[in-house]
Amino acid sequence: GRTNSRCHTHFTQLMANRGPSYGLDAELAAKQAEKHDPKLEAEAKAWISALTGESLNGNFMEALKDGTVLCKLANAIKPGSVGKINTGSMAFKQMENINAFLTAATNIGVPKNDLFQTVDLYEAQNPPQVVLSIHALGRQAQKLPGYSGPALGPKLADSNARNFTQEQLNASKAAPTKISQGSHGGASQAGMSDHSREIVKSNAMAKPAEPAQPKYGGSPGNFGGAASAPKPASPSQPKYGGAPGNFGGAGAAPKPASPSQPKYGGSPGNFGSAGAAAPKPASPSHAAPAVASQSHDVPNRGPVYGLDAELAAKQAEKFDAGLAAEAQNWLEALSGQKFPSADFMESLKDGVILCKAVNAIKPGTVPNINTGKMAFKQMENINFFLSAAQSFGVPAADMFQTVDLFEAQNPPQVVNGIHSLGRHASKVPGFKGPHLGAKLADANVRQFSEMQLNAGKAIPSKFSQGSHGGASQAGMHDHSHEIIRKTS
């Protein structure tokens with residue numbers, strides 16, 4: 001109750017630099033808030049402060065956002081891990097610090113699956129993963145030669161490799177496995193009972209053994225044959241008193257609920273079929289696996305699991321190949337450059353085509369387009385494009401974020417952002433096409449005189465007229481054939 005409320009409030013503050021989120025983003029933020037552990041965060045914060053001497057007060061994600069503290073942490077664990085720490089306030093410099101820390105953590109021995117991505121910290125997209133990554137670094141640091149600093153979490157166990165001779169390996173091949181021994185693994189109940197005090201009857205006194213009762217009905221020795229039908233099983237007795245089927249109450253057992261009627265016709269439990277019986281419920285062994293256990297391949301990121309897999313699957317359902325093809329044709333016509341590959345996201349990843357497109361809409365919008373292969377230069381191109389789109393009037397809610405394109409985290413939003421730019425480009429002065437989508441309507445502002453405004457105040461509103469809005473039943477009846485009595 002109160003703990004979940006505090007976690008949700010904490011995550012609302014963390015996501016403040018991104019504004020309010022809705023729909024799938026809101027669902028993702030809520031699930032991440034449930035995974036947040038304040039105790040683990042406090043332990044990570046204390047460990048970093050002890051190693052770096054930095055005081056981490058206030059918002060944990062904000063304190064680590066520029067990457068300087070993390071770079072100092074890596075150098076404290078292993079001197080020289082980060083050669084140069086950027087101290088500027090430019091976004092790509094701060095992200096460069098975070099990348100340097102992640103590289104240092106990988107060199108120290110932290111598995112890549114345990115580390116967060118740059119945007120998980122810089123844009124506070126996944127604070128729980130940031131905390132878990134710092135704990136993974138704390139465990140791995142204890143195995144680093146020469147490290148004598150404070151510990152975070154348990155020390156990782158050392159490997160204990162077994163070396164077997166060829167003779168031992170050959171002997172093990174002949175050993176029976178548990179699978180070959182069946183469900184009991186060769187065990188028996190010999191010696192489980194004490195027979196020393198049993199009275200043994202002679203053969204003359206012993207009565208012939210009665211035939212065993214069959215398990216599935218029918219006469220003894222007959223499994224479900226045509227002999228006498230089995231007696232119906234009596235209702236099971238409730239555990240806590242009361243009549244069978246009544247949990248603790250004194251009255252009669254409740255009547256069984258009638259099967260629900262299907263929505264689309266057919267017998268109960270049968271969807272639309274007229275005569276077939278309802279299907280039997282599937283056994284638990286054939287139940288579908290949980291979504292969290294499935295994986296989903298994401299371009300440029302490989303397979304993802306759990307919450308990331310669920311998010312990627314929902315985004316894949318939203319992706320419209322037809323809209324993507326229209327956006328591609330429009331960008332190629334504007335920029336004069338063909339997409340270098342069949343992959344829509346990969347072709348736009350460096351931001352070059354996007355910058356050329358906005359320059360075609362309004363010349364000189366992006367004066368310097370980076371053509372290098374360095375990640376922060378390509379992300380800078382994407383930022384140039386986003387700033388240009390905003391200057392053309394595209395709402396911020398319609399555009400994507402840098403990582404949505406650069407790391408292919410949200411392809412549907414990238415396509416929607418380009419279509420929104422196409423609609424607003426038609427209103428940029430001097431732009432003559434090509435166009436993408438319908439042109440936005442022009443504002444039609446009504447001007448009313450003071451007399452018209454005053455007259456409008458006296459008109460009764462629908463709300464004041466009640467639910468019928470002043471309607472009556474006048475004219476609803478035909479009175480032409482009525483008999484009119486004359487008065488005497």
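**Close-up views of a predicted model**

View 1. The structure shown is a predicted model. In the chain, His36 is placed in the loop between helix 2 (24–35) and helix 3 (38–52). The side chain of His36 is joined to that of Glu41 by a polar contact of 3.4 Å.

**View 2. Gln140 in helix 8.** Gln140 belongs to helix 8, which covers residues 127–141. With a relative accessible area of 15%, Gln140 is buried, since that class takes in values under 20%. Leaving aside residues up to four places away in sequence, Gln140 touches Ile108, Gly109, Val110 and Leu156.

View 3. The structure contains 1 cavity of 30 Å³ or more. Leu24, Glu27, Leu28, Lys31, Leu307, Glu310, Leu311 and Lys314 form the lining of the largest cavity. At least two residues of this lining come from helix 2, and at least two come from helix 10 (306–318).

**View 4. Residue classes in the cavity lining.** The lining of the largest cavity comprises 4 nonpolar and 4 charged residues, with no polar ones. Among the lining residues are Leu24, Leu28, Leu307 and Leu311, and leucine counts as nonpolar. The lining also includes Glu27, Lys31, Glu310 and Lys314, whose residue types, Glu and Lys, count as charged.

Methods
Residues are numbered from 1 along each chain as its sequence is written. This is a predicted model: local features need pLDDT of at least 70, side-chain atom pairs count only at pLDDT 80 or more; totals for chains, interfaces and linings use all residues. Side-chain values use heavy atoms; hydrogens and water are left out. Helices (H or I, at least four residues) and strands (E, at least two) are DSSP runs, numbered from the N terminus. Buried means under 20% relative accessible area, exposed over 50%, partly exposed in between (1.4 Å probe, protein chains only). Contact means heavy atoms within 4.5 Å. A polar contact is a pair of N or O atoms within 3.5 Å; within protein, one must be able to donate a hydrogen and the other to accept it, and residues adjacent in sequence count only if both atoms are side-chain atoms. On a 1 Å grid over the protein atoms alone, a cavity is a set of points where a 1.4 Å probe fits but cannot get out, and a pocket is an open set with protein on both sides within 12 Å along at least five of seven lines; lining residues have an atom within 4 Å of a point. Grid points are joined across faces, edges and corners, and a volume is the space filled by probe spheres set on the points.
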